[in-house]
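Subject: Structure handover and notes

Dear colleague,

Please read them with the model open beside you.

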Amino acid sequence: MMSEPPPSFSRARKWNITLNTALLVLSVVALLTMMNYLAARHHSRFDWSGTGGIELSPLTQKVLASVTNELRVTLYFDREDPLFKLSLGLLKAYSGANPRIVIEVIDYTRDTSIALAAKKKYNLVDKNDRDLVIFDCQDRTKFVYQGELSDLDMNEMLAGRSSEIKRVAFKGEMMFTSAILSVLTPRQLKAYFLQGHDEHDPASDDGLMGYSKFAGVLRENGVKFESLQLEGAAEIPSDCNLLIVAGPLQGMLPLVVAKIDRYLKQGGRLFALFNFNSGTRDTGLERTLAEWGVVVGRNRVLDEEFAVSPDKQDMVVSTFGAHRMVRPLVRSRLYLLRPRTISRDKSSARGADAPQVEEIVFTSPGGRAIENIRSDGSLSPSSDDPIGLMPLIVAVERGGVPGVSAERGATRIVVAGDSIFLANDTIDKAANHEFASHAVNWLLDRVELLIGIPPRPMKEYKVILSRAQMISVQWILLAGMPGGALLLGGLVWLRRRR
């Protein structure tokens, strides 16, 4: 009878191995815990891609350091959108710089229940309220839309050589930092829409005459708004930080014009927009603006080379002045419909106390101002019509001192020769929405929101393969790599059998 073989390990040796294994596991867990603890407080980011790492600008770093309360950022985006990864990577850099910035990602195509809750919370009722970034701090919110996050190159499309529009630059840092500044501002501002002369209505959803989306721009920038009638005894309210006169079609009573003039002389802020429907008659506001060195043209401007519609009545403009309001719009475009010229009065005084009028948006050199407009609205071009860079929007300032609020007597005015470009059907075209936001912030002297953070170039990498090269790649991927794995497995199996 065979005796039972002795155990391979004694009881003491088994306990020794068990104890060593337990100590080893505990050591690894402790080491990982320490590494995560240190990484959370002393982290560094390394980027080995061709575009380089995310290096935040000094202004952004300063703004992030000023965040003392929790700031929630909701990335309400389709994950398949090309701008999703760029936006998420930048927001992670923001959160890394200040842990009070909390990021939530909602893919509305997949996370339907969470998306519905977000839509209800932030009143996302419009069909365009998607692919956006929401900044929320102490019930102050600011939306940044996908269209504001990149510069587009439409030169090839306008030239008829391609139907493709390319993204050439990512403006996420400029827009995100501006949004954070906006929600950190505790001061409540208020705008009034003048009504009673067939102006655009901020409560209307009509495509061409409704201004509900422009009212949304005010809301995004933390500005409350109301409508205002001035025909009676009422004056412009003392809490009016911005008066908006958007496309009046009927003439204003002298009493109304006098109230607006008085408001401006007391340091008021005015956003005045005209359109082609009032091009053959005065609204009364033209005389007041003339006193501020602004000439409202009784004409209609065409720029056929940069027209989009078949009737050539609209245009895409990309020529901007050096004014800080439009400086962030360089390389962007505005879409305008039948604009009028708005220019500086060359004969007006230019002294230190005179209003400083600056033309800030122009047509191309092929712009043409047609002055002969028939009673039915049709145009009668003439050889005398001026041709060249036609000014379409001006900015006016008098008594402006950096950092001085409107109540201190600094008057600011923006006058545009088109009002329909900010109506519901057109405000989302080109950079119209962005211009509206910049104009409002400049008028309200929130110049910190006109941030000069340069956009980041977006590089495109294309691999061009011939048909033979494509077939070779397919064979390598579909046959070579799986076959190599099978061959290696077979060799191992044969070796073990021997």
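Helix α8 (residues 254-265) holds both D261 and K265, which lie four residues apart, about one turn of the helix; helices here are DSSP runs of H or I with at least four residues, strands are runs of E with at least two, and both are numbered from the N terminus. D261 forms a salt bridge with K265, with 3.1 Å between the closest N and O atoms, where a salt bridge is a side-chain nitrogen of Lys or Arg within 4 Å of a carboxyl oxygen of Asp or Glu. D261 is buried, at a relative accessible area of 14% (buried means under 20%, exposed over 50%, and partly exposed in between, with a 1.4 Å probe and protein chains only).

Before going further, please note that this is a predicted model, in which local features need pLDDT of at least 70 and side-chain atom pairs count only at pLDDT 80 or more, whereas totals for chains, interfaces and linings use all residues. Residues are numbered from 1 along each chain as its sequence is written, and side-chain values use heavy atoms, with hydrogens and water left out.

The structure holds 13 salt bridges. Another of them joins the side chains of K190 and E226 at 2.7 Å, N to O, and this pair links distant parts of the chain, since K190 belongs to strand β7 (residues 189-194) and E226 to strand β8 (residues 223-228), 36 residues apart. K190 counts as buried at 18% relative accessibility, while E226 is partly exposed at 38%. E70 and R72 also meet through their side chains, at 3.6 Å, N to O; E70 is partly exposed at 48%, and R72 is partly exposed at 29%.

On the surface, L24, V28, L31, L32 and M35 form a nonpolar patch with about 490 Å² of accessible area together. Patches are made of residues with over 30% relative accessible area and no salt bridge, nonpolar side chains (Val, Leu, Ile, Met, Phe, Trp, Tyr) being joined within 5 Å and like charges within 9 Å; the areas come from the Shrake-Rupley method with a 1.4 Å probe, and for residues only the protein chains shown count as cover. V28 has its place in helix α1 (residues 11-41) and is partly exposed, at 43%.

Finally, strand β13 (residues 314-317) pairs with strand β15 (residues 334-337) in the antiparallel sense over four bridges, pairing being assigned if DSSP finds at least two bridges between the strands. M315 stands opposite L336 in β15.

Best regards
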